[in-house]
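Reader: I would like to go through this model feature by feature. Please give the general idea each time, then the case at hand.

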Amino acid sequence: YLECFPGQKISAEIARGFDQNCPEGAFRAVEAKLAESGVKLVAFGVTGIPGDEAGARKLFDFAKRFGLIAINAEFGRDVLPLLDKLTEEYGIRVGIHNHPKRDNYELWSPDNVLAMFSDHGPLVGSCADTGHWPRSGLDAVECLRKLAGRVMSLHLKDLTRDGMHDVPFGTGDYNARGQLAELKLMNFTGPISIEYEWTTDHLDDDVAKCVKWMHATVAALAAGK
């Protein structure tokens, strides 16, 4: 399973990024590669969402074509009424993503995100980036608890104590197991993406360690351990 992102390079032969504006030939090339590789797309982000219905519908048509569960995005409050309509029509979730705290940016706070979607449809909620919350001085488990029932998807992370970079799940200082335990309590069923944003010469090994830890920890939680 894979979350793709806007601008992700398609191939050496197709020199453009992947998004809803790709030509038909590029879509078919991606579909062929996914089928060949046995990989299913489940999410797309982090993206913006056009404020006009035609533009937003093009994004949702793209998501439907590739069988996505969630569109992970950052956008203004003015788009929410349109998303109520489209999420219900397409049955596709929209997760409001959080980056770290900065001036004139409200999505860093789960309280602000919760206030945005509290009066809107059940398929609009949070794309919880559990690494950016600690970078904003927040506890990831507590943030998930606040958003219980409205978490649409996750960018799961474990970090060094200073929050500077990712480490394999379970080896950092931000209670990755506690994050999964909280998701279990809320009966979460959406996509969890390993977004590993620290590039080293052993990146593949680090991501593989995250996968191994996920399997073991989910099995333990399911068994009540």
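Author: Elements first: helices (H or I, at least four residues) and strands (E, at least two) are DSSP runs, numbered from the N terminus. By that numbering, Val46 has its place in strand E4. The model is a predicted one.

Reader: Which peptide bond is cis, and what is its omega?

Author: The bond that runs from Gly45 to Val46 is cis, and its omega is near 5°. Val46 belongs to strand E4, and E4 spans 41–47.

Reader: Which residue other than glycine has a positive phi, and where is Asn175 found?

Author: Asn175 has a phi near 50°, a positive value, and is not a glycine. Asn175 sits in the loop that links strand E8 (151–156) to H7.

Reader: Next, helix packing. How are two packed helices described?

Author: The description uses the angle between their axes and the distance between the axes. Take H7 and H8: their axes cross at roughly 50° and come within 10 Å. H7 is therefore oblique to H8. The crossing in which H7 passes H8 is right-handed.

Reader: Which residues of H7 and H8 meet?

Author: From H7 come Ala176, Arg177, Leu180, Ala181 and Lys184; from H8 come Trp213, Met214, Thr217, Val218, Ala220, Leu221 and Ala222. By class, this contact of H7 with H8 has 9 nonpolar residues, 1 polar and 2 charged.

Reader: At what angle do H2 and H3 pack, and how far apart are their axes?

Author: Helix H2 (residues 53–65) packs against helix H3 (residues 80–90) at about 30°, and the axes are 11 Å apart. The angle makes H2 roughly parallel to H3, because angles under 35 degrees count as such. Is the crossing of H2 and H3 left-handed or right-handed? It is right-handed.

Reader: Which residues make up the contact between H2 and H3?

Author: On the H2 side they are Glu53, Ala56, Arg57, Phe60, Asp61 and Lys64, and these meet Leu82, Leu83, Lys85, Leu86, Thr87, Glu89 and Tyr90 on the H3 side. The contact of H2 with H3 divides into 6 nonpolar residues, 1 polar and 6 charged.

Reader: Now for empty space. How is it found?

Author: A probe the size of a water molecule is rolled over the atoms, and this shows where empty space is left. In this model the largest pocket has a volume of about 1,000 Å³.

Reader: How many residues line the largest pocket, and which lie nearest its centre?

Author: The lining has 32 residues, and Tyr1, Ile192, Ser193, Ile194 and Glu195 are the ones nearest the centre. At least two lining residues come from each of strand E1 (2–4), strand E4 (41–47), helix H7 (176–185), strand E9 (192–194) and helix H8 (203–222). H8 gives the most, with 9 residues. The lining of the largest pocket is made of 21 nonpolar, 6 polar and 5 charged residues.

Reader: How much space lies in the second largest pocket?

Author: The second largest pocket holds about 280 Å³. Of its 14 lining residues, Lys9, Ile10, Val30, Lys33 and Leu34 lie nearest the centre. E1, strand E2 (8–9) and helix H1 (24–37) each supply at least two residues of this lining, and H1 gives the most, with 5. By class, the lining of the second largest pocket has 9 nonpolar residues, 3 polar and 2 charged.

Reader: How many cavities of 30 Å³ or more does a search of the whole structure find?

Author: The search finds 1 cavity of 30 Å³ or more. The largest cavity contains about 30 Å³ of space. Its lining consists of Ile96, Asn98, Leu107, Ser109, Pro110, Val113, Ser126, Trp133 and Leu147.

Reader: How does the lining of the largest cavity divide by class?

Author: There are 6 nonpolar and 3 polar residues in the lining of the largest cavity, and no charged ones.

Notes. Residues numbered from 1 in each chain as written. Predicted model: local features only at pLDDT ≥ 70, side-chain atom pairs only at ≥ 80, totals over all residues. Heavy atoms only, no water. 1 Å grid on protein atoms, 1.4 Å probe; cavity = no way out; pocket = protein on both sides within 12 Å on 5 of 7 lines; lining within 4 Å. Points joined across faces, edges and corners; volume = space filled by probe spheres on them. Nonpolar A, V, L, I, M, F, W, Y, C, P; charged D, E, K, R; others polar. Axes fitted to C-alpha atoms, helices over the stretch in contact; angles between N-to-C directions. Parallel < 35°, antiparallel > 145°, perpendicular 65-115°, else oblique. Left-handed = near helix turned anticlockwise from the far one by under 90°. Contact = heavy atoms within 4.5 Å.
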